[in-house]
Amino acid sequence: MLHLACIRVTSPERILLLLTSDSLPKACTKTSSVMQHINETLTDCVPLPTTNLYMRLYRALIFFYGQMCGPAETKSKRW
């Protein structure tokens with residue numbers, strides 16, 4: 001999962017730090033690019049078990065992207 005390392009996602013905490021390293025639009029663009037590369041890779045191979053650390057980070061990145069970068073109607077309500 002070298003793609004995760006490109007945006008320095010090595011732990012759940014680092015996913016949150018994506019918000020502090022760049023502006024939100026730039027973080028969303030980088031995250032989208034990484035997720036696209038990972039999705040392309042996963043279509044060509046047998047995915048790792050969902051309990052694998054990298055797959056958990058990938059799933060957390062998908063959640064982050066959906067909450068922070070996705071359409072407003074798909075975001076969780078905060079109140």
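Modeller: Of the 79 residues in the protein chain, 27% are buried (under 20% relative accessible area, with exposed over 50% and partly exposed in between, using a 1.4 Å probe and protein chains only). This is a predicted model, where local features need pLDDT of at least 70, side-chain atom pairs count only at pLDDT 80 or more, and totals for chains, interfaces and linings use all residues. Residues are numbered from 1 along each chain as its sequence is written, and side-chain values use heavy atoms, with hydrogens and water left out.

Colleague: Thanks! At what angle do α3 and α4 pack?

Modeller: Helix α3 (residues 24-43) packs on α4 at about 140 degrees, and their axes are 10 Å apart. Axes are lines fitted to C-alpha atoms, for helices over the stretch in contact, and angles run from 0 to 180 degrees between N-to-C directions. α3 is therefore oblique to α4; angles under 35 degrees count as roughly parallel, over 145 as roughly antiparallel, 65 to 115 as roughly perpendicular and the rest as oblique.

Colleague: And which residues make the contact?

Modeller: On α3 they include Leu24, Cys28, Thr31, Met35 and Ile38, and on α4 they include Met55, Tyr58, Leu61 and Phe64. Contact means heavy atoms within 4.5 Å. By class, the contact of α3 with α4 has 13 nonpolar, three polar and no charged residues. Ala, Val, Leu, Ile, Met, Phe, Trp, Tyr, Cys and Pro count as nonpolar, Asp, Glu, Lys and Arg as charged, and the others, Gly among them, as polar.

Colleague: Let's zoom in on Thr31: buried or exposed?

Modeller: Thr31 counts as buried because its relative accessibility is 1%.

Colleague: What does Thr31 touch?

Modeller: Leaving out residues up to four places away in sequence, Thr31 touches Ile7, Leu18, Leu61, Phe64 and Tyr65.

Colleague: New topic: how do α2 and α4 cross?

Modeller: The axes of helix α2 (residues 12-21) and helix α4 (residues 53-68) come within 10 Å and cross at roughly 30 degrees, so α2 and α4 are roughly parallel to each other. Pro12, Ile15, Leu18 and Leu19 of α2 meet Leu57, Ala60, Leu61, Phe64 and Met68 of α4. The contact of α2 with α4 has nine nonpolar residues, no polar and no charged ones.

Methods: Helices (H or I, at least four residues) and strands (E, at least two) are DSSP runs, numbered from the N terminus.
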